[in-house]
Amino acid sequence: MRNMQNQKYAFIGCQSEYKGSRIVLFGAPFDGTSSYRAGSRSAPSSIRMESQGIETYSPYLGKDLAETAVFDRGDLELPMGNARQALRIIRKNTASILDDGKKPFMIGGEHLVTLGAFEAAAEKYQDLCLIHFDAHTDLREDYLGEKLSHATVVKRIWEITGDNRIFQFGIRSGMKEEFEWAKKHTCLTRFNFGGLSEAIQKIKDKPVYLTIDFDVLDPSEMPGTGTPEAGGVRYKELFDAIRAVSACNVVACDVVELCPPLDNSGISVALACKLLREILLQL
Ligand SMILES: [Mn+2]
């Protein structure tokens, strides 16, 4: 693992030492299976750098990131051509953070990285549930013959959790078969966050892994993502949904699929920085 001292920036306001921290931020800069437009590997470093342009204080929450115990551990070094090995490294790193009694917060990377972190969390927490915000089902059995892919990640997670422990929201793209399959095996809400409060009631105090694919947002607000999908939610809706989920026992979290090379105006990275602050303040 790279040491933060070798990196120019930590995420703004994350000045805590590892020992005293409650949340540990780390980057998983992997986009080795991205099918359409790659580039999410540069998301962690772009987010850190651009975070210098936002305030540490959230007027929405009345809290300041500089007063919370978040440590930015830097980026994992991941072999781009080897998804299995990349997942092993992510899993090991996540497990070590959990073992130290802290919450891991991962910045992807493509969505496949979630699998490694989820595996580590599922090992520690029985009954772990997944709350999944995304434009895409990610429920393919394989993608072009590849079982480990950003398009299969939630299916692989279901193989760990089984039925009724995966809650998907904002979904508006996938094969007919995936939507049919989801009716029996996951709780899938199309297009928006309808039914989120019912899901939260159902989950009760079970441990939750929250994964947010930035493409759940409408491309008008989040153009910088590998597979943009029109008809998405607004920033405010996503913020409110995260606020609702923060009432759950969230034990680990990630944000994935920001693709800075496609973010011509810089608006997507700026949005990601702000959203990251708001999530960190609520975990
Ligand atoms: Mn997606």
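Two strands pair if DSSP finds at least two bridges between them. Keep that in mind for the sheet pairs below.

Ground rules first. This is a predicted model: local features need pLDDT of at least 70, side-chain atom pairs count only at pLDDT 80 or more, and totals for chains, interfaces and linings use all residues. Residues are numbered from 1 along each chain as its sequence is written.

Now the strands. They are DSSP runs of E, at least two residues; helices are H or I runs of at least four; both are numbered from the N terminus. The chain has eight helices and ten strands.

Look at strand S9, residues 207-213. Six of its seven residues are buried, meaning 20 or more other C-beta atoms, placed from the backbone, lie within 10 Å of a residue's own. On one pairing, S9 runs parallel to S6, residues 129-133, with five bridges. Phe133 has Ile212 in S9 as its bridge partner. S9 also runs parallel to S10, residues 249-256, through seven bridges. There, Leu210 stands opposite Cys253 in S10. From S9 the chain passes through helix H7, residues 235-245, to S10, and this β-α-β crossover is right-handed: with the strands pointing away from the viewer, the path from the first strand over the helix to the second runs clockwise.

Next, overall burial and dimensions. Buried residues account for 52% of the 283 in the chain. The C-alpha trace spans about 45 × 40 × 35 Å along its principal axes.

Last, Ala28. Its contacts (C-beta atoms, placed from the backbone, within 7 Å) include Leu76, Ile90 and Val113, leaving aside residues up to four places away in sequence.

Definitions and conventions: A residue is buried if 20 or more other C-beta atoms lie within 10 Å of its own, exposed if 12 or fewer, and partly exposed in between; C-beta atoms are placed from the backbone. Two residues are in contact if their C-beta atoms, placed from the backbone, lie within 7 Å.
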